[in-house]
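Definitions are given where a term comes up.

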Amino acid sequence: VGSLIGCAIKTTGALYCWGYNGSGELGIGNNTSQATPTQVGTDTDWAQVAVSTDENTSAVSQFACARKTGGSLWCWGNNDEGQLGLGDFVERNVPQQVGLDIDWTDIAVGGTHACGVQSVSGFLSCWGEGLYGKLGYGGATSLDTPSAVSGTDWAKVRLGVNHSCALKTDGTLYC
């Protein structure tokens, strides 16, 4: 749950979101805010969902990403920093698949950036706003598509508004 939107996956695998929707961050095909959980599309194979945290950003920066059981990654909402990972800066009000990879095992979103772990390569990839070096590639430029962070054997990732932390399979933590 973010500060302005919430999303949850039912035991049936259906995805529901509610709250503010000015940039399509609920993924329901419009920009109308919802006071109650509203189903996102008709798919019932969602495995994980993450919504942006906006403690230090405006309401218009809200977005969400979700992973399906087959390993594909989908994002929607505001995209002013490329945080949807789609190669552009256009907001989307329905889920859009990020690339063609189907081995995403963990995802996280921050204020205006996102990261995910892939099982085949063990890569950790990040995209979106690069301010403060939060994408982990050593620079501060924003990236509009997933870009691998140095190393392999990444297991989990968690993000804050302006920072990122990830855990390696050997238990070492990097931030």
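A salt bridge is counted when a side-chain nitrogen of Lys or Arg lies within 4 Å of a carboxyl oxygen of Asp or Glu. The model is a predicted one, in which local features need pLDDT of at least 70 and side-chain atom pairs count only at pLDDT 80 or more, while totals for chains, interfaces and linings use all residues. Residues are numbered from 1 along each chain as its sequence is written, and side-chain values use heavy atoms, with hydrogens and water left out.

By this rule there are five salt bridges. D43, D45 and K68 are linked in a network of them. Between K68 and D43 the closest N and O atoms are 2.4 Å apart. K68 belongs to strand β5 and D43 to the loop between β3 (34-39) and β4, so this pair ties together parts 25 residues apart in sequence. Strands here are DSSP runs (E, at least two residues), numbered from the N terminus. K68 also meets D45 in a salt bridge, at 3.6 Å from N to O. That pair links distant parts of the chain as well, with D45 in the loop between β3 and β4 and K68 in strand β5, 23 residues apart.

K68 is buried, with a relative accessible area of 8%, whereas D43 is partly exposed at 33% and D45 is partly exposed at 30%. Buried means under 20% relative accessible area, exposed over 50%, and partly exposed in between, with a 1.4 Å probe and protein chains only. Another of the salt bridges joins R92 to D88, with the closest N and O atoms 2.8 Å apart.

## Aromatic pairs

Four aromatic pairs are present. Rings of Phe, Tyr and Trp (its six-membered ring) pair if their centres lie within 6.5 Å; planes under 30 degrees apart count as stacked, over 60 as edge-to-face and the rest as tilted. W46 and W74 have ring centres 6.3 Å apart and planes at 80°, so they form an edge-to-face pair. W154 is in strand β12 (residues 154-159) and Y174 in strand β14 (residues 173-174), so parts 20 residues apart in sequence are tied together. W154 is buried at 8% relative accessibility, while Y174 is partly exposed at 44%.

W46, W74 and W76 make up one aromatic cluster. K68 lies over the face of W46, at 4.8 Å from the ring centre, and over the face of W74, at 4.6 Å. This is counted when NZ of Lys or CZ of Arg is within 6 Å of the ring centre and within 35 degrees of the ring normal.

## Nonpolar cores

A nonpolar core is a set of buried Ala, Val, Leu, Ile, Met, Phe, Trp, Tyr and Cys residues joined through side-chain atoms within 4.5 Å. The largest has 13 residues, and L15, C17 and W76 have the most contacts inside it. Two or more residues each come from β1 (5-9), β2 (15-19), β4 (46-51), β5 (63-68) and β6 (73-77). Apart from this core lies another, of 12 residues, including A50, C65, L73 and V109.

## An open sheet

Four strands form an open antiparallel sheet in the order β8-β9-β10-β11; two strands pair if DSSP finds at least two bridges between them. β8 (104-109) and β11 (143-148) are the edges, each with a single partner strand, so one side of each has no neighbour in the sheet. Three bridges join β10 (residues 124-128) to β11, and G128 stands opposite L143 in β11.
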